[in-house]
Amino acid sequence: VFRERLPRGGTSEPLYGTSRAAAFGDVDGDGAVDVLVANRDGSAHLLLNVAPKQGQWIGLQVVDETGSDALGATVRMNVGQRTIHRDVRAAYSYLASNDPRVHVGMGDAQTASNVIVRWPDGSEESFGDREAGKYHTLRRGQGR
């Protein structure tokens, strides 16, 4: 369901520009995905997601043994009756790199259960259950 929010476009003054990229990530750590829009001939616009919170979320930073983002890994988890899969990636927007943390909307669920990471080499590691409403780091070698 979509509802119109005012001011229209989310800004008090309309933003004009020739945009070239949009980078997505939770800039302020509140669990809502924000957007940075890069413009060709002007400054960038940071659009903070300040809409009223609805439902739970979880954030997962998936890293290898050295602490580097495990790009190419896949996370699988159960949220309520659903099984959710998310890829760890930073490249899904033209001319931009995005926050590589996995972000999942969870509705009313309070826990993501049976969190499993499939690493880029094909091996899998279980990280058990994780609480909603915060970020968790899943480091290779620290699961089961």
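Which residues make a nonpolar surface patch of about 460 Å²? The patch is built from Val-27, Leu-36, Leu-46, Leu-48 and Val-50, where a patch gathers residues with over 30% relative accessible area and no salt bridge, nonpolar side chains (Val, Leu, Ile, Met, Phe, Trp, Tyr) being joined within 5 Å and like charges within 9 Å. This is a predicted model, in which local features need pLDDT of at least 70 and side-chain atom pairs count only at pLDDT 80 or more, while totals for chains, interfaces and linings use all residues. Residues are numbered from 1 along each chain as its sequence is written, and side-chain values use heavy atoms, with hydrogens and water left out.

From the patch we can turn to charged side chains. Side chains of opposite charge can pair when their charged atoms come close. A search of the whole structure finds eight salt bridges, each being a side-chain nitrogen of Lys or Arg within 4 Å of a carboxyl oxygen of Asp or Glu. One of them joins Asp-41 to Arg-40, with the closest N and O atoms 2.6 Å apart, and Asp-41 counts as exposed because its relative accessibility is 63%. In another, Glu-124 meets Arg-118 at 3.8 Å, N to O; Glu-124 is partly exposed at 42%, and Arg-118 is partly exposed at 43%. A further bridge links Glu-131 with Lys-134 at 3.7 Å, N to O.

A pocket is an open set of points on a 1 Å grid over the protein atoms alone, with protein on both sides within 12 Å along at least five of seven lines, and its lining residues have an atom within 4 Å of a point; the volume is the space filled by probe spheres set on the points. This pocket is lined by 14 residues, among which Tyr-92, Asp-99, Arg-101, Val-102 and His-103 lie nearest its centre. Strands β1 (19–25), β6 (82–87) and β7 (102–107) each supply at least two residues of that lining.

Conventions:
1 Å grid on protein atoms, 1.4 Å probe; cavity = no way out; pocket = protein on both sides within 12 Å on 5 of 7 lines; lining within 4 Å. Helix = DSSP H or I, 4+ residues; strand = E, 2+ residues; numbered from the N terminus. Areas by Shrake-Rupley, 256 points an atom, 1.4 Å probe, with all protein chains shown as cover. Buried < 20%, exposed > 50% of the residue type's maximum accessible area, 1.4 Å probe, protein only.
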